[in-house]
Amino acid sequence: MYNAQICQDVFVDKILNKTEGFFVDIGAGTGGLPTHTPGFYSNTYYFEVFKNWKGIAIDYDTKWWMNVNKARSAKCLCVDLLEVSINEVLDKWSCPTEIDYLSIDVDDAQIKVFNDFDFDKYKFKVLTLEHNLFQSDPNCGQNRTEEHRKNILKDHAYYREVLSKHGYKLLWGNVCLDGYGPVEDWFVDEETFEKNKNIQKEYANCLETMNI
C-alpha cells in the first residue's frame, strides 16, 4: 500500500490522517533507478490513490515522466529545476499557497531549489527534506572530497536554521536509510508539532522496524 523508500508516506499519513489534501513532490522520480510501477519509491502516490489528494509532482527524469504521466492523477512535470525557479513552476500550475505535504529530494539541485522556494508565499504542514548527511562521514564508503563533506554539513545546518526562522519545527531529525545513514529531516508547522510532539514515543517501535 505504501511506496516511499524510507516510509515518508507512512509518516505523513500518521501525522495528518487526511483525505483530499494537496502535495508538492519536488524530485518525484526514481533518481536513475529502473522505473517499475507508477508508485515505485514515490512519497506521494499513496495519497493520490488511497486518500484522494491532488498534487504536483516534478522531476527531470524523462523516463520517470513518460512512465507516470498518464498513469497518475497528479500533475506530473518534467522540469530541470537547475534552469527554472520552482516558484515559476508552482505559479504556472496554480499551486495553492497552503500545502499539506511538501517533499524536496532533488539531489544536485537541492540547495538551489531550497533557496529558490518562497517560504513566505507557500506554507506547508509537513516537509520531508533530503540532506544526505551520511555523505559528511569520511568513512561512508563513497569517494567524497573534503570540500563536499564540509558543504554537506554546512547545508544541513543551513536548512534547519532557515526553516526554524520560518516557524517550522523539526519533528524527526536525521532519518536513516538502511545501509547508508542519515538522509532526511522531517519538519512540521507549529500546530502540527504540538499535536504530534510525542510521536517518537508513540511510533518508535513501528518506525524502527521500517528502518526509520
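The model is predicted, so local features need pLDDT of at least 70 and side-chain atom pairs count only at pLDDT 80 or more, while totals for chains, interfaces and linings use all residues. Residues are numbered from 1 along each chain as its sequence is written, and side-chain values use heavy atoms, with hydrogens and water left out.

Select Asn43 to begin, and you will find this residue in the loop between β1 (22-26) and α2 (45-50), where helices (H or I, at least four residues) and strands (E, at least two) are DSSP runs numbered from the N terminus. With a relative accessibility of 8%, Asn43 counts as buried, since buried means under 20% relative accessible area, exposed over 50% and partly exposed in between (1.4 Å probe, protein chains only). Now show Ser103, whose side chain makes a polar contact of 2.9 Å with the side chain of Asn43, and then Tyr101, whose side chain is joined to that of Asn43 by a polar contact of 3.5 Å. A polar contact is a pair of N or O atoms within 3.5 Å; within protein, one must be able to donate a hydrogen and the other to accept it, and residues adjacent in sequence count only if both atoms are side-chain atoms.

Next, select Phe40 and Tyr41, which form a stacked aromatic pair, 4.5 Å centre to centre with 15° between the planes. Rings of Phe, Tyr and Trp (its six-membered ring) pair if their centres lie within 6.5 Å, and planes under 30 degrees apart count as stacked, over 60 as edge-to-face and the rest as tilted. Phe40 is partly exposed at 23%, and Tyr41 is partly exposed at 32%.
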